[in-house]
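Reader: I have not looked at this structure before. Could we go through it one question at a time?

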Amino acid sequence: MAEAQPNILFTREAIRRRVDELAGQISRDYAGKELLVVGILNGAFVFMADLIRGLNVPCRVDFVRLASYGCGSVSSGEVRITKDLETSLAGREVLIVEDIVDTGLTLSRLVGVLRERRPASLKVCAFLDKQERRRVPFTADYVGFSIPDRFVVGYGLDYDEQYRFLPDVCVLDQVR
Ligand code: PRP
Ligand code: 7HP
């Protein structure tokens, strides 16, 4: 079978404009405060790098890596931290940055775990949101783009660890 060809859904220019808007909104919401921006590895690293460079408030960064348990391609909703944060969250304004919310399992679980660490506030900024795919209720505080149920790659998002380097977000529907 021919290899799947990615088709552009969001160009790098459209992404830049939207990320700048998000950074402006976040800067206004956190004016006078210092943020701790927590990126979820691996997918969020490209978005997070652009987002923090648009902020007008001071921020620290840290990263967490998660592994989800499941049977085949079906997630059980159990999420294990395989690389934990190195920063205490107690009393800090924490913003989790994620590349995509799909079933909602990853973020609903992570938010629960991090809330127990007593941050002053805890919000989520997701670059993409696939609401049709939710298996648990989850609403991000900031969303770059809502998208339909299409498999997308690029701008940090992968298929089997490929395509993360693409500067545009592309649809790769043939993989599902
Ligand atoms: C992907 C994506 C999100 C998660 C969203 O991570 O980056 O973290 O799935 O899915 P959910 O809402 O259904 O839980 P993945 O485990 O593929 O790791 P990656 O970030 O390294 O690509
Ligand atoms: C995870 C994920 N990773 C890459 N592209 C998508 O469309 C995805 N949905 N959930």
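Reader: Which residues does D168 touch, leaving out those up to four places away in sequence?
Author: This is a predicted model, and D168 is found there in the loop between β8 and β9. Contact here means heavy atoms within 4.5 Å. With residues up to four places away in sequence not counted, D168 touches I8, F10, T11, R12, I15, V153, G154 and Y155.

Reader: Is D168 buried or exposed?
Author: A residue is called buried when its relative accessible area is under 20%. D168 has a relative accessibility of 8%. That value is under the cut-off, so D168 counts as buried.

Reader: How far apart are the closest N and O atoms in the salt bridge of R12 with D168?
Author: Side chains of opposite charge can pair when their charged atoms come close. A salt bridge requires a side-chain nitrogen of Lys or Arg within 4 Å of a carboxyl oxygen of Asp or Glu. For R12 and D168, the closest N and O atoms are 2.8 Å apart.

Reader: How many residues apart in sequence are the parts that this pair ties together?
Author: R12 lies in helix α1, residues 12–29, while D168 is in the loop between β8 (152–153) and β9 (169–171). The pair therefore ties together parts whose separation in sequence is 156 residues.

Reader: Which backbone atom of R12 lies 2.7 Å from a polar atom of the side chain of D168?
Author: R12 is partly exposed, with a relative accessible area of 44%. Apart from the salt bridge of R12 with D168, a polar atom of the D168 side chain lies 2.7 Å from a backbone atom of R12. That atom is the backbone nitrogen.

Reader: How many salt bridges does a search of the whole structure find?
Author: One of them joins E21 and R18, with the closest N and O atoms 2.7 Å apart. E21 and R18 both lie in helix α1, three residues apart, about one turn of the helix. The search of the whole structure finds twelve.

Reader: Which residue forms a salt bridge with K130?
Author: K130 sits in the loop between β6 (121–129) and β7 (142–146), and the pair links distant parts of the chain, 28 residues apart. The partner lies in the loop between β5 (93–101) and α3 (105–115). The side chains meet at 3.5 Å, N to O, and the partner is D102.

Reader: What share of the accessible area of ligand 2 does the protein cover?
Author: A backbone N or O atom of V152 lies 2.5 Å from a nitrogen atom of ligand 2. On its own, ligand 2 has 260 Å² of accessible area, and the protein covers 82%.

Reader: Which element gives the most residues to the shell around ligand 1?
Author: There are 14 residues around ligand 1, and E98, D99, D102, T103 and T106 come nearest. An oxygen atom of ligand 1 is 2.4 Å from an N or O atom in the side chain of T106. The elements that give two or more residues to this shell are β5 and α3. The most, four residues, come from β5.

Reader: Which residue makes a polar contact of 2.7 Å with the side chain of D129?
Author: D129 lies in strand β6 and is buried, with a relative accessible area of 4%. A polar contact of 3.3 Å joins the side chains of D129 and Q131. The contact of 2.7 Å is made by the side chain of R134.

Conventions: Residues are numbered from 1 along each chain as its sequence is written. Chains are lettered from A and ligands numbered from 1 in the order in which they are written. This is a predicted model: local features need pLDDT of at least 70, side-chain atom pairs count only at pLDDT 80 or more; totals for chains, interfaces and linings use all residues. Side-chain values use heavy atoms; hydrogens and water are left out. Buried means under 20% relative accessible area, exposed over 50%, partly exposed in between (1.4 Å probe, protein chains only). A polar contact is a pair of N or O atoms within 3.5 Å; within protein, one must be able to donate a hydrogen and the other to accept it, and residues adjacent in sequence count only if both atoms are side-chain atoms. Accessible areas come from the Shrake-Rupley method with a 1.4 Å probe; for residues, only the protein chains shown count as cover. A residue is near a molecule or strand if one of its heavy atoms lies within 4 Å of it.
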